[in-house]
Amino acid sequence: MVLLNLTHNFCRHAVEKDYKLSACYLDHGQRNDTSVDKKTVASFCKKAKIPFYSRKLKLEANAPEQELREARYLALTEIAQKKLDGATVFTAHHAQDDLETLLFRLIRGADPTTIKGIAPKTQTSTKLSLTRPLLEFSKQDLYDYAVKKNIRWHEDTTNQSLVFARNRIRHELIPWLEGFRPGACERIYSFFGELQKQRPDAVRAAASPKKIAKVSERLVSGKGSTVKSVRFEVLKNSVDRLLGAQNSQRTTKAHWQALKLQLEQRQATRRGGGSQKTIQFPGGNALFFKGTRLFWISNSLQVSKTNP
């Protein structure tokens, strides 16, 4: 509701009047009080004359977080592309959401050279453009703004459930860290930011955007990329790019270790070949090693089912 209020005020007072704001509410079907959410948003939109869209997702009760996320972004993609001519979607992720994401990836075992938080701007595998303008603000900042501006909101009751891993980080780990050392979370958040800035120059040079884009194109082409000609840093970033924002968040250190080992073993041979090998990645994607070449396979699990 804070995000809706801010974007509405921006569009009203912007010098350029080309901005068109719409609001979208998605019901995941996981709780019984969503009608209050919908009415709260719809009421604001009616008064502000903002086009309002809503969609109830067909998901089973207690569906996994990843399934909810994927269904949500698929629905947003359909609405943004088909009804709103490819509009950019703004989401209200804030600084605490970002910290929770970083801690979750750290606990799960993320690779230190690629660990990252929520991107301010990104594009999903379905070509949905996402912008998150509130990442620099804390959750308390949003509460304070809502109270000051007399903005009505409704709390998501599932945010209090400890069934979800992210909620346990929010309600148990973060308060414990702050109790152990006040200001700890802010320092951890700053540390992750510096970690991303201070990657070795050699790694950054080896994994330049142009090289990554070129290798990505080769991997998805019918010809593939040669094992001998690609460096691990470039290949890793190319795979991360092909996975897209959602699936790249689900990678672990084990994925990258398997990739590095396979690449090193093949590059150690005289011709760079070896027996066929498939390394699975999140989202049913895979990197396929065949002889001296490697290929990217989207939805590899579905392919293997139809072509055993």
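Author: Helices (H or I, at least four residues) and strands (E, at least two) are DSSP runs, numbered from the N terminus. The structure is a predicted model, in which local features need pLDDT of at least 70 and side-chain atom pairs count only at pLDDT 80 or more, while totals for chains, interfaces and linings use all residues. Residues are numbered from 1 along each chain as its sequence is written, and side-chain values use heavy atoms, with hydrogens and water left out.

Reader: How many helices and strands does the protein have?

Author: The protein has 12 helices and 9 strands. Its C-alpha trace spans about 70 × 50 × 45 Å along the principal axes.

Reader: What share of the 308 residues is buried?

Author: Buried means under 20% relative accessible area, exposed over 50%, and partly exposed in between (1.4 Å probe, protein chains only). Here 40% of the 308 residues are buried. Accessible areas come from the Shrake-Rupley method with a 1.4 Å probe, and for residues only the protein chains shown count as cover. The accessible surface of the protein is about 18600 Å², with 54% of it on carbon and sulfur atoms.

Reader: Which residues other than glycine have a positive phi, and are they buried or exposed?

Author: Lys-49 is one of them, with a phi of about 60 degrees. Lys-49 sits in the loop between helix H2 (34-48) and strand E2 (52-56), and it is exposed because its relative accessible area is 76%. Asn-150 has a phi near 55 degrees and belongs to the loop between helix H5 (139-148) and helix H6 (165-180). At a relative accessible area of 71%, Asn-150 is exposed too.

Reader: What does Arg-170 touch?

Author: Contact means heavy atoms within 4.5 Å. Residues up to four places away in sequence aside, Arg-170 touches Gln-96, Asp-97, Glu-100, Asn-159 and Pro-175. Arg-170 lies in helix H6, and its relative accessible area is 13%, so it counts as buried. For the protein as a whole, among contacts between residues at least 6 apart in sequence, 61% join residues at least 24 apart.

Reader: Where does Thr-88 lie, and how far is it from Val-234?

Author: Thr-88 is in the loop between H3 and strand E3 (89-90). It counts as partly exposed because its relative accessibility is 43%. Thr-88 and Val-234 are 146 residues apart in sequence and 29 Å apart in space, C-alpha to C-alpha. Beyond four places in sequence, Thr-88 touches Ser-129 and Thr-131.

Reader: Which residues of the largest nonpolar core touch the most other members?

Author: The general idea comes first. In soluble globular proteins, nonpolar side chains tend to be buried together. A nonpolar core is a set of buried Ala, Val, Leu, Ile, Met, Phe, Trp, Tyr and Cys residues joined through side-chain atoms within 4.5 Å. Of the 18 residues in the largest one, Leu-235, Val-239, Leu-259, Phe-281, Leu-287, Phe-289 and Leu-294 touch the most other members. Two or more residues of this core come from each of H9, H10, helix H11 (253-268), strand E7 (277-281), strand E8 (285-290) and strand E9 (293-297). H10 gives the most, with 5 residues. Apart from this core lies another, of 14 residues, including Leu-26, Leu-68, Ala-80 and Leu-128.

Reader: Which residues does Gln-262 contact?

Author: Neighbours within four places in sequence aside, Gln-262 is in contact with Lys-277, Ile-279 and Phe-289. Gln-262 belongs to helix H11 and counts as buried, at 11% relative accessibility. Between Gln-262 and Thr-278, 16 residues apart in sequence, the C-alpha to C-alpha distance is 9.7 Å.

Reader: What is the volume of the second largest pocket?

Author: Rolling a probe the size of a water molecule over the atoms shows where empty space is left. On a 1 Å grid over the protein atoms alone, a pocket is an open set of points where a 1.4 Å probe fits, with protein on both sides within 12 Å along at least five of seven lines; lining residues have an atom within 4 Å of a point. Grid points are joined across faces, edges and corners, and a volume is the space filled by probe spheres set on the points. The second largest pocket has a volume of about 380 Å³. Of its 17 lining residues, Glu-70, Ser-125, Gln-246, Asn-247 and Gly-283 are the closest to its centre. Helix H3 (65-83) and helix H10 (232-248) each supply at least two lining residues, and H3 gives the most, with 5.
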